[in-house]
Amino acid sequence: MTSLRTRIALLYAALIAVVIVIGALAIDLAFRSLLIDQARLSLAETAEQIERVAEEASVSGLGGEAPVTLALSSPSTLDHWASANEYVQLDTVAGQVLGKSTNLGGLTFAPWEPSGRDRAYEFVRVTGNRAGTVLELNRVLVDENSRPLAIVHVGQRLDNVDALIATARGILLWISAAALVVIVVASYFVAAWAIDPIERLTFAVAQIGSERLDRRLRWQRRDEVGRLAGAFDAMLDRLQSAFARERQFISDASHELRTPLTIINANAQMLQRWGDRDPEVMKTSLEAISEESGRLAGMVSGMLTLSKAEAGDAIPKEPLVLERLADDVVDHARERAASEGIALASHHADGDSTIVIGDAGLLRQLIGNLVDNALKFTHEGSVDVAVRREGAFAVLDVADTGTGIDEGEADRLFDRFFRGDPAHAREAEGTGLGLAIVRSIARVHGGTVEAHARPEGGSIFTVRLPAEPESFTAGS
Ligand code: ADP
C-alpha cells in the first residue's frame, strides 16, 4: 500500500501536470496567433503598397485594366515587393496569371474568385502542402469607380513560424518536465513534513496500552494535530475513569458477594458438624443459608439488570404511558404497604397520559426500586407516587415520611453498593444496588434522578424523563 505522503505527492504531480498541459496549450495557441498576426500585418503592408501604385497608374492612365497591369505585371516590379520569405503574384479578374515574383519559381498561387455581393475586398487563407504552410492574403485592385482591375496575391511561408513554435514548444516541454520533477520532489518532502507529526502521534499512541492509561500526550501545538492530540487525551481521561469504574465495580462486587458466601459456608460447616445432633443449629443454619443465598440471588440479578441498563442503545424502546406504569407498581406493592401499616397511593389527574419512550420492564423496575426503598425506610406514615409534566419532561416523584436522607450524601446514594447509615443498612435488607440501577435506567432513557430530604421529614426521589410531545393532560 502506498504511503500517504507518496499519494499526496502523486496527486500534486497529476494536478500540476494537468495545469502545465492546459497552460502549454494556451501559450502555444497565443504564440501561434501572435506570429500569424504579425505575418498578416506585413502582408497587408505589401498589399497596400501595391494598391497605391495601382491607384496612381489608374489615375495617370486612360482608365481600364491596361495601365495597371502594365505597371505591375513585370517580374522586376513584383520582385521589388517580394522578399526571401514573401511572394507576390498578379492575376486578372478572371484568374489568369499576369505576372509573379521570381522567387515563386514554378509555383503559382491558386486563382481566387472574389465572391459575395460587394466583392470581398480582402481575403486571407492558409494553404498547406508538403513543403510547408503559406499564409496568403488576396486583394482586389479597383479603379476610382470601384471596378475590379486585377487581383494581387501576397503570400508568406509560415515555415519559420512553425519552427519558432516548435522551438517554443520544446522549451516549454523541458521547463514543464523540470518543474514537474521539482514539484513532485518538493511535494513529497512537504507531505513528509506535514505528516511527520501524525507519525509521531501514532508512535506516541502506540506506546499507550491499556496498562499505561495514565500517560497523556499533552502536546502544546495549536494546529489540527494539536487538537487531535487534545481529543486523544480527553478520550484517555474517559477511558481511564471507565476502566477505574469497572475495576471498582469488580472489587466491590467480589467484596459484597464474599460476605453472604462466607456466611453460607460457615453455616454449611455448622450443619455438617452438629446439624444431625442439634435441631436448633440445623434450624438457624438453614435459615441463614436461605437468607444469604436469597441475598446473593438478589445481588446477581441486580448486577444483571445494571449491565442491561448500561447497554444503552441495545434496549428495545416503545412509547409507554408513565401514569399506567406507576399505577401498576403501586398496585403490586399495595398489599405489602397495608401489611406494614403504610398508606401507599399513586397521584395524577384522571385521563393524564404522559408518554415516554422506553423499555416497560426497566421503567417498572425503576419505579419499583424507589417504592421498595420508600416502604423499606418508612415505618409509619405514607408513601406517595406522583406523575406530572414539567415542560418537555415527564416527572415522577416518590415521596415518603420515613427516616429521610442526609442531604450531603444524596448523590452518593446512587453509587453501586452504597448503603447509607450502617444502622439502617443492618435493619433494612438490601444490596446497595437498587439506586444505582435506578440511575442507570434513568440515564439510558435520557433522564436524571435526584434525591432530597423533605423539610417535613422523610425523603423525595425525583426522576425526570424526556416526554413525547403528543402526551396530553386531562382538560387540555
Ligand atoms: P439498598 O436499599 O439495597 O441498601 P439502594 O441503592 O436502594 O440500596 O439504596 C442505597 C441507600 O440509600 C440505602 O442503603 C439507604 O441508606 C438510602 N436510601 C434509599 N432510599 C431511601 C429512602 N426512601 N429513605 C431513606 N434512605 C434511603
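**Pockets, a helix pair and a mixed sheet**

In this predicted model, the second largest pocket holds about 390 Å³ of space. Its lining consists of 15 residues, and those closest to the centre are Arg245, Glu310, Arg416, Arg439 and Arg443. Helix 5, helix 6 and helix 10 are the elements that give two or more residues to this lining. Sorted by class, the lining of the second largest pocket comprises five nonpolar, two polar and eight charged residues.

The largest pocket has a volume of about 840 Å³. A total of 40 residues line the largest pocket, and Asn373, Lys376, Phe377, Gly430 and Gly432 are the ones that lie nearest its centre. Two or more lining residues come from each of helix 6, helix 8 (residues 360-376), helix 9 (residues 422-427), helix 10 (residues 434-444) and strand 12 (residues 459-466). Of these contributors, helix 8 gives the most to the lining of the largest pocket, with seven residues. The class composition of this lining is 12 nonpolar, 17 polar and 11 charged residues.

Two of the helices that line the second largest pocket, helix 5 and helix 6, also form a contact that can be described by its geometry. The axes of helix 5, which covers residues 224-275, and helix 6, which covers residues 279-309, come within 9 Å and cross at roughly 160°. Because angles over 145 degrees count as roughly antiparallel, helix 5 is roughly antiparallel to helix 6. The crossing of these two helices is left-handed, and the residues of their contact divide into 20 nonpolar, five polar and three charged.

Strands of a sheet pair through backbone hydrogen bonds, in either a parallel or an antiparallel manner. Here, five strands form an open sheet with mixed pairing, and their order is 7-9-10-12-11. At the edges are strand 7 (residues 342-347) and strand 11 (residues 448-453), each of which pairs on one side only. From one strand to the next, the twist averages 15°.

Within this sheet, strand 9 (residues 381-390) and strand 10 (residues 393-400) pair in the antiparallel sense over eight bridges. For arginine 388, the bridge partner in strand 10 is valine 395.

Conventions:
Residues are numbered from 1 along each chain as its sequence is written. This is a predicted model: local features need pLDDT of at least 70, side-chain atom pairs count only at pLDDT 80 or more; totals for chains, interfaces and linings use all residues. Side-chain values use heavy atoms; hydrogens and water are left out. Axes are lines fitted to C-alpha atoms, for helices over the stretch in contact, and angles run from 0 to 180 degrees between N-to-C directions. Helices (H or I, at least four residues) and strands (E, at least two) are DSSP runs, numbered from the N terminus. Angles under 35 degrees count as roughly parallel, over 145 as roughly antiparallel, 65 to 115 as roughly perpendicular and the rest as oblique. A crossing is left-handed if the near helix is turned anticlockwise from the far one by less than a right angle, and right-handed if clockwise. Ala, Val, Leu, Ile, Met, Phe, Trp, Tyr, Cys and Pro count as nonpolar, Asp, Glu, Lys and Arg as charged, and the others, Gly among them, as polar. On a 1 Å grid over the protein atoms alone, a cavity is a set of points where a 1.4 Å probe fits but cannot get out, and a pocket is an open set with protein on both sides within 12 Å along at least five of seven lines; lining residues have an atom within 4 Å of a point. Grid points are joined across faces, edges and corners, and a volume is the space filled by probe spheres set on the points. Two strands pair if DSSP finds at least two bridges between them.
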